[in-house]
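Here is a short tour to read with the model open on your screen.

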Amino acid sequence: MKAQGAILKSRAARAVCGAMAVLALSHAGSASAIGLMQAYQTALKNDPTYRVAQAEYEAGLEYKNIGRAGLLPNLSANYAASKVRADVEGRDILNRETLTHPKYVSRVGNVQLRQTLINFDALARYKQGKAQTEVASHQFDAQGQELALRVTSAYIDALFSNEQLKLATAQRETLREQRKVNDRLFQKGEGTKTDMLETQAKLDIAEAEVLEAQDALRTNLATLSGIVGEEVTSLDELVPEFRMQPVKYGSFEEWLKSALDNNPELEAQRSAIEVAHQEVNKSRAGHTPKLDFVATYSKNDSETLNTYTQDSTQRSVGIQLTVPLYSGGYVNAVTRQAVAGQERARAELQARIDKITVELRKQYGTVMSSVQRLQALDKAVESSKLLVKATQQSILGGVRINLDLLNAQQQLYTNQRDLARARYNYLVSGLRLRAAAGMLTFDDVREVASYFR
């Protein structure tokens, strides 16, 4: 009977090893899996949020041209033709009243060229347009980096959900085999009811974790599919030989300096301050005179009743000065409003600097501590595997009990899950660190993609 019990108990050990083997094989991936670079390149074409950013960028490029138009020559032409019937009362040479009804066609046409010579409002609009174009350009750069982060984060979230599902499934299968062993031992009189209940309780929890992992995987795949613009069903997975890349800059201060100089969000906000400054200049220009050069060529045929039998051609060249005198306090009011807007833009810049500094410090700390953390979790997983085997041997020797094995298996599952999460967090944190520093490029995404196959 003891020999039979030993055989039955050894089946639990084989179940654990078998589950580990299934988990290892599942990392081989599939030929039809979508890679991270493929997902990123497809998202560049299909992601609706990025397409909105592209349209806004293309629209923003025109601000400079719109502002410049106020400084360039303005050429206009108009033509009017009217059929006129008039009633003319008068007196003849004998002082008798007369009434005539002349009918004629009046034609008026002219071409006018107007060139701004002095116009502070137009100059401020031009500078503001340039700054608005710069805002659009920096915002588009930020959206490009944000897309890379969204694709990578969604891809890794889906991968981690898949990892959790596989680990939960492996644990469930191990517990199912353990329950069978407990049932058989109980029937042979070598097991206890307590062992059966303990295993069943752990199995029920494992079943719930499998269902939860399945739901999380479906949700994360749907999120990734929405970004990519096509259905995603399978992914490349982490390569077995996970190797961390060294961080290029050694100190946080260097990363912070790069962020202050290169972060596109900060660049966009600095350009927004210039936009607000030119809004102040534009408002104050309401008090300044305007001087235009004006050249006109006009040709008239029966322009008025007095000249309805005459044709005339006029050519004029000159300047036009407009001096604002009083507008009911409008200019002062909009100027004060613009000054307040400029102060708000400056405050928003400082708020963005503070936010990015916090994010940079967070991601820098994560990346810097990842080496030690991943090494510790690697050792924890190996130690947990040894503990499971040692506990199985101790049960056979009568030193340990069924609950000890279940706890050891649970600890192995937890350590494997934590190791997977730490690896994925390391990859995402590296990208987020570079994005906060304004250094995230296409090559960085390619480097992260090299971790999957």
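The notes below cover a pocket, a pair of packed helices and one arginine.

## The second largest pocket

Since this is a predicted model, please read what follows as a description of that prediction. The second largest pocket holds about 420 Å³ of space. Its lining is made up of 17 residues, and those nearest the pocket centre are Leu149, Glu265, Glu359, Ala435 and Ala436.

Which helices build this lining? At least two residues each come from α5 (120–187), α8 (264–284), α9 and α10 (402–436). Helix α5 gives the largest share, with seven residues.

## How α5 and α10 pack

Two of the helices that line the pocket, α5 and α10, also pack against each other, with their axes 10 Å apart and an angle of about 175° between them. Angles over 145 degrees count as roughly antiparallel, and α5 and α10 are therefore roughly antiparallel to each other. Their contact has 16 nonpolar residues, along with twelve polar and four charged ones.

## A look at arginine 336

Helix α9 spans residues 330–396, and arginine 336 lies within it. Is arginine 336 buried or exposed? Its relative accessibility is 57%, and the cut-off for exposed is over 50%, so arginine 336 counts as exposed.

Arginine 336 can also be placed relative to valine 280: the two are 56 residues apart along the chain, and their C-alpha atoms are separated by 8.1 Å.

Note on methods
Residues numbered from 1 in each chain as written. Predicted model: local features only at pLDDT ≥ 70, side-chain atom pairs only at ≥ 80, totals over all residues. Heavy atoms only, no water. Helix = DSSP H or I, 4+ residues; strand = E, 2+ residues; numbered from the N terminus. Buried < 20%, exposed > 50% of the residue type's maximum accessible area, 1.4 Å probe, protein only. 1 Å grid on protein atoms, 1.4 Å probe; cavity = no way out; pocket = protein on both sides within 12 Å on 5 of 7 lines; lining within 4 Å. Points joined across faces, edges and corners; volume = space filled by probe spheres on them. Axes fitted to C-alpha atoms, helices over the stretch in contact; angles between N-to-C directions. Parallel < 35°, antiparallel > 145°, perpendicular 65-115°, else oblique. Nonpolar A, V, L, I, M, F, W, Y, C, P; charged D, E, K, R; others polar.
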